[in-house]
Amino acid sequence: MQLTTELLTPFIGGQLEVQNTNERYIYRGEIKKLTVVHNELVVEFNWMAKGEGFPPIPKKWVLDEQRTYALSLDISSVSDIGPSEGEVGGGRRLCIQCSMIGETVILFPADGSKLERTQVEGLV
């Protein structure tokens, strides 16, 4: 699947999650803007949170100063993993795997799974 800025439009207002179990980090943020420039995904966030205690699952989420994320699509594979199941629902999600750096990125549409702002320590 070839990503373009136009294809990513439904994810604005949704969230992005990036995790690396080997490096023991997980981040989740609310998407403000997404672009694909020179085959690089560039994401701007309204806010970003870091999960503490990952893996296996974060014990709490804390506000992080990071407001951008970039990933080379030349070294990544993209797949459509469909909508979330159960009560979460929402539109289709995209998964980007970058085995070279060990990251898995999930793009959630605006009507999909969300980390609620009230669950993020330090986010007013």
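This report covers salt bridges in a predicted model. Local features need pLDDT of at least 70, side-chain atom pairs count only at pLDDT 80 or more, and totals for chains, interfaces and linings use all residues. Residues are numbered from 1 along each chain as its sequence is written, and side-chain values use heavy atoms, with hydrogens and water left out.

A salt bridge here is a side-chain nitrogen of Lys or Arg within 4 Å of a carboxyl oxygen of Asp or Glu. The count by this rule is four. Among them are these:

| Pair | Closest N and O atoms |
|---|---|
| Glu 17 and Arg 28 | 3.1 Å |
| Lys 60 and Glu 52 | 3.8 Å |

Take Glu 17 and Arg 28, which form a salt bridge. Glu 17 sits in strand β1 (residues 15-20) and Arg 28 in strand β2 (residues 25-37), so the bridge ties together parts 11 residues apart in sequence. Strands are DSSP runs of E, at least two residues, numbered from the N terminus. Both Glu 17 and Arg 28 are buried, meaning under 20% relative accessible area with a 1.4 Å probe, protein chains only.

Glu 52, Lys 60 and Glu 121 form a network of salt bridges.

Lys 60 is partly exposed because its relative accessibility is 36%. Glu 52 is partly exposed at 35%. Glu 121 is partly exposed at 47%.

Key: Helices (H or I, at least four residues) and strands (E, at least two) are DSSP runs, numbered from the N terminus. Buried means under 20% relative accessible area, exposed over 50%, partly exposed in between (1.4 Å probe, protein chains only).
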